[in-house]
Amino acid sequence: MHLFDTLREGAAFGAQELHLSDALMERWTSLYPDDPPDGRMPAGMIAVASMRAYSSLVVPRPPGNIHGSQRYEMLRRPVVGERLTTRIACAGKELKRDRRWVHFDTETVGEDGTPCFRGRMTILWAA
Amino acid sequence: MADGTTPIDRLTPVTKRIDRAAIRLYAELTDDFNPIHVDPDFAAATPMKGIIAHGLLSVNLLWQSVRRSLGEAAVSDATLDIRFLRPVREDDVVTAGGQRRAEGDGYDVWIDNQHGETVIAGRILHGAGRAPS
């Protein structure tokens with residue numbers, strides 16, 4: 001279990017691949033029918049890449065963590081069909097007014113290795 | 001459709017009802033099955049006293065609002081920085097919008113619920129106006 005006291009700044013959790021398949025895109029547009037069918041990943045799907053990496057690689061986590069803030073930097077929108085790789089690392093942690101905050105950095109690259117987007121999420125850590 | 005070159009003071013609002021089916025589908029899309037989102041019994045026992053939606057589920061409405069208002073280029077070259085201020089609960093109706101910043105370097109953005117409470121707030125910057133990494 002990744003507890004606040006044992007999480008280490010700079011710790012890398014590895015990489016997670018995401019295939020922007022037609023099936024995945026269909027599921028996304030079933031939730032957001034207004035996103036444009038222009039052959040590129042809708043911007044909101046940054047969250048699919050970053051949260052899948054977080055959910056799959058930063059495990060196990062204490063139940064009840066809460067997302068406090070999020071920063072995303074879009075560099076280019078990947079094309080549908082592309083395979084993305086997201087890496088995640090602990091960027092730091094801090095205790096403020098008895099609340100445990102943990103920061104994670106994500107970076108997602110495309111098949112050619114060029115960056116597509118970056119993120120920093122801050123999580124209120126439950127334990 | 002905006003062409004991304006004309007200054008617009010207010011972003012076009014985008015509204016969505018966040019029901020249980022949407023929360024469940026978002027959990028599947030993101031592999032985020034935090035019980036506070038998907039387990040009613042667990043969520044009821046937390047300080048939230050019930051299921052809350054993933055914050056990022058609503059954030060896509062901000063991207064949509066920017067795209068509708070400013071065009072695709074404004075989405076493909078943007079830094080979005082937001083804080084989750086209040087939980088979004090099942091069946092809340094949330095509306096995303098924004099106001100051009102006085103500094104002219106982007107937009108202050110927000111998402112309000114049906115009670116007029118701001119649940120998410122932040123800013124979106126473009127190109128040279130991006131916040132430093």
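B:I18 stands opposite B:D92 in strand β3 of chain B. That pairing belongs to a predicted model, in which strand β1 (residues 14-18) of chain B is joined to β3 (residues 92-100) of chain B by 5 bridges, the two strands running antiparallel. Chain B also touches chain A, with 35 residues from chain B and 34 residues from chain A taking part in the contact.

**Strand β1 of chain B**

- In a regular strand the side chains alternate between the two faces of the sheet.
- Along β1 of chain B, the side chains of B:V14, B:K16 and B:I18 point to one face and are buried.

**Interface between chain B and chain A**

- The size of an interface is often given as the accessible area lost when the parts come together.
- Between chain B and chain A about 3100 Å² is buried, and carbon and sulfur atoms give 53% of this area.
- There are 5 salt bridges between the two chains.
- A salt bridge links the side chains of A:R77 and B:E72, with 3.1 Å from N to O.
- On the side of chain B that touches chain A, the elements giving two or more residues are α1 (20-30), α4 (55-70), α5 (72-76) and β2 (78-84) of chain B.
- The residues on this side of chain B comprise 17 nonpolar, 7 polar and 11 charged.

**Strand pairing across the chains**

- Strand β2 (residues 66-74) of chain A and β2 of chain B run antiparallel and are joined by 5 bridges.
- Within this pairing, B:D81 is the bridge partner of A:R71.

**Helix α1 of chain B**

- The buried residues of α1 of chain B are B:A22, B:I23, B:L25, B:Y26, B:A27, B:L29 and B:T30.
- On the chain A side, these buried residues pack against α1 (22-31) and α2 (46-57).
- Within chain B, they pack against β1, α2 (35-38) and α4.
- After α1 of chain B comes B:D31, which has a positive phi near 55 degrees.

**B:V66 in helix α4**

- Helix α4 of chain B contains B:V66.
- B:V66 counts as buried because its relative accessibility is 2%, where the cut-off is under 20%.
- Leaving out residues up to four places away in sequence, B:V66 touches B:L11, B:G71, B:A74, B:V75, B:I124 and B:H126.
- B:I124 lies 58 residues from B:V66 along the chain, and their C-alpha atoms are separated by 8.9 Å.

Technical notes. Residues numbered from 1 in each chain as written. Chains lettered and ligands numbered in written order. Predicted model: local features only at pLDDT ≥ 70, side-chain atom pairs only at ≥ 80, totals over all residues. Heavy atoms only, no water. Contact = heavy atoms within 4.5 Å. Buried area = accessible area lost by both parts, 1.4 Å probe. Salt bridge = Lys/Arg side-chain N within 4 Å of Asp/Glu carboxyl O. Helix = DSSP H or I, 4+ residues; strand = E, 2+ residues; numbered from the N terminus. Nonpolar A, V, L, I, M, F, W, Y, C, P; charged D, E, K, R; others polar. Pairing = 2+ DSSP bridges. Buried < 20%, exposed > 50% of the residue type's maximum accessible area, 1.4 Å probe, protein only.
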